[in-house]
Amino acid sequence: MTKSQLIDAVAASSGLTRKNAEEVVTTIFASMSNALIRGDRIEIRGFGSFKTKHYAPYLGRNPKTGEPIQVSAKILPVFKVGRELRDRVLKGKQ
């Protein structure tokens with residue numbers, strides 16, 4: 001599902017205009033992004049949680065040449081699926 005498809009789904013299920021649904025979806029994503037930038041954890045019951053994970057610098061290898069390269073420290077967002085969503089997806093696959 002793309003962002004545009006999500007906006008259409010929100011508009012269809014809520015009776016909002018597409019423009020208002022787009023504003024709702026954009027606001028939700030912006031709020032989630034800002035929370036992660038602040039280092040906050042986001043938990044959506046029945047869906048999953050988002051948080052940031054700190055990765056230490058390490059010595060890696062260039063896969064093409066095999067030469068060692070220093071990979072800098074980084075902070076990346078991670079998602080952990082909730083039990084209810086995991087179970088629903090598993091049941092849908094059977």
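Hi everyone, let's start with a term: rings of Phe, Tyr and Trp (its six-membered ring) pair if their centres lie within 6.5 Å, and planes under 30 degrees apart count as stacked, over 60 as edge-to-face and the rest as tilted. With that in hand, Phe47, Phe50 and Phe79 form one aromatic cluster.

A word on the source. This is a predicted model, where local features need pLDDT of at least 70, side-chain atom pairs count only at pLDDT 80 or more, and totals for chains, interfaces and linings use all residues. Residues are numbered from 1 along each chain as its sequence is written, and side-chain values use heavy atoms, leaving out hydrogens and water.

How many aromatic pairs does a search of the whole structure find? There are two. Phe47 and Phe79 make a tilted pair, 5.5 Å centre to centre with 55 degrees between the planes. Phe47 sits in the loop between E1 and E2, and Phe79 in strand E5, 32 residues apart. Strands here are DSSP runs of E, at least two residues, numbered from the N terminus.

Phe50 belongs to strand E2, 29 residues from Phe79 in strand E5.

Now the sheet: it is open, with three strands in the order E1-E2-E5 and antiparallel pairing. Two strands pair if DSSP finds at least two bridges between them.

Terms used
Helices (H or I, at least four residues) and strands (E, at least two) are DSSP runs, numbered from the N terminus.
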